[in-house]
Amino acid sequence: VEGAMQTDAKIRTAGGTEPGPQGPGCSLRHFACEQNLLSRPDGSASFLQGVAEKSRERLIRNTCEAVVLGTLHPRTSITIVLQVVSDAGSLLACCLNAACIALVDAGVPMRALFCGVTCALDSDGTLVLDPTAKQEKEARAVLTFALDSVDQKLLMSTTKGLYSDAELQQCLAAAQAASQHVFRFYRESLQRRYSKS
């Protein structure tokens, strides 16, 4: 990962970001999370990240099915309801993160946690992690990855636009490094939630 991050391509971050685990090029916007919001569901979460519907549903469903240990609960239906309150960019990644936190809050057994990370490449090849909606519109390519928490294994990817194989590998390496920041946020959020009860 470190070798891939040291390529000669430029990496830019959105304003107001925190430096990630691999330096300033691996940055994400501010996260916020609140769990157990709804009274009737077994688990609920609100996930805020930064200030094609059926396709998105399918991607989220396939990612969740890859980690949920469904064999422990045969003939059980798990329904995940995601409501988009606002779209500040990186929407699919935010939806994946909300789904993971809601599954954890519901106590659904999973083989690993997962997270979503979006990268954008602009016309001169500059990589932007966690792009805003404006950055996504102006980007030459937008790539979203779902990664697991055990070994940053790729669970799902979706892309839009033109990019080279080297740029794909660069974006994947940046997403894997950024996922550590997301998983650390998950841990801190869960510690805050359960230390209160």
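Predicted model: local features only at pLDDT ≥ 70, side-chain atom pairs only at ≥ 80, totals over all residues.
Local features need pLDDT of at least 70, side-chain atom pairs count only at pLDDT 80 or more, and totals for chains, interfaces and linings use all residues. Residues are numbered from 1 along each chain as its sequence is written, and side-chain values use heavy atoms, with hydrogens and water left out.

**The nonpolar core**

The largest nonpolar core has 40 residues. A nonpolar core is a set of buried Ala, Val, Leu, Ile, Met, Phe, Trp, Tyr and Cys residues joined through side-chain atoms within 4.5 Å. Buried means under 20% relative accessible area, exposed over 50%, and partly exposed in between, with a 1.4 Å probe and protein chains only. Met110, Phe114, Phe145 and Tyr186 touch the most other members. At least two residues each come from H2, H3, strand S6 (114–121), S7, strand S8 (141–148), strand S9 (154–161) and H5. H5 gives the most, with ten residues. Helices (H or I, at least four residues) and strands (E, at least two) are DSSP runs, numbered from the N terminus.

Methionine 110 is in contact with Val67, Val68, Leu69, Cys100, Leu103 and Val104, leaving aside neighbours within four places in sequence. Contact means heavy atoms within 4.5 Å.

Valine 117 sits in strand S6. Its relative accessible area is 1%, so valine 117 is buried. Not counting residues up to four places away in sequence, valine 117 touches Ala93, Leu129, Leu143, Thr144, Phe145, Ala175, Ala178 and Ser179. Leucine 129 is twelve residues from valine 117 along the chain, and their C-alpha atoms are separated by 7.6 Å.

Phenylalanine 183 and tyrosine 186 form it, edge-to-face, at 5.8 Å centre to centre and 75° between the planes. Rings of Phe, Tyr and Trp (its six-membered ring) pair if their centres lie within 6.5 Å; planes under 30 degrees apart count as stacked, over 60 as edge-to-face and the rest as tilted. Both residues lie in helix H5 (residues 165–196), three residues apart, about one turn of the helix.

**Two positive phi values**

Serine 90 is not a glycine, yet has a positive phi of about 55°. It lies in the loop between helix H2 (53–67) and helix H3 (91–106). Aspartate 130, also a residue other than glycine, has a positive phi near 55°. Its place is the loop between strand S7 (127–129) and helix H4 (133–138). The side chains of aspartate 130 and serine 90 make a polar contact (3.1 Å). A polar contact is a pair of N or O atoms within 3.5 Å; within protein, one must be able to donate a hydrogen and the other to accept it, and residues adjacent in sequence count only if both atoms are side-chain atoms.

**Cysteines without a bond**

The whole structure has zero disulfides. A disulfide is a pair of cysteine sulfur atoms within 2.5 Å. For cysteine 119, the nearest cysteine sulfur is that of cysteine 171, 4.6 Å away.

| Residue | Relative accessibility | Class |
|---|---|---|
| Phenylalanine 183 | 3% | buried |
| Tyrosine 186 | 1% | buried |
| Serine 90 | 1% | buried |
| Aspartate 130 | 0% | buried |
| Cysteine 119 | 0% | buried |
| Cysteine 171 | 0% | buried |
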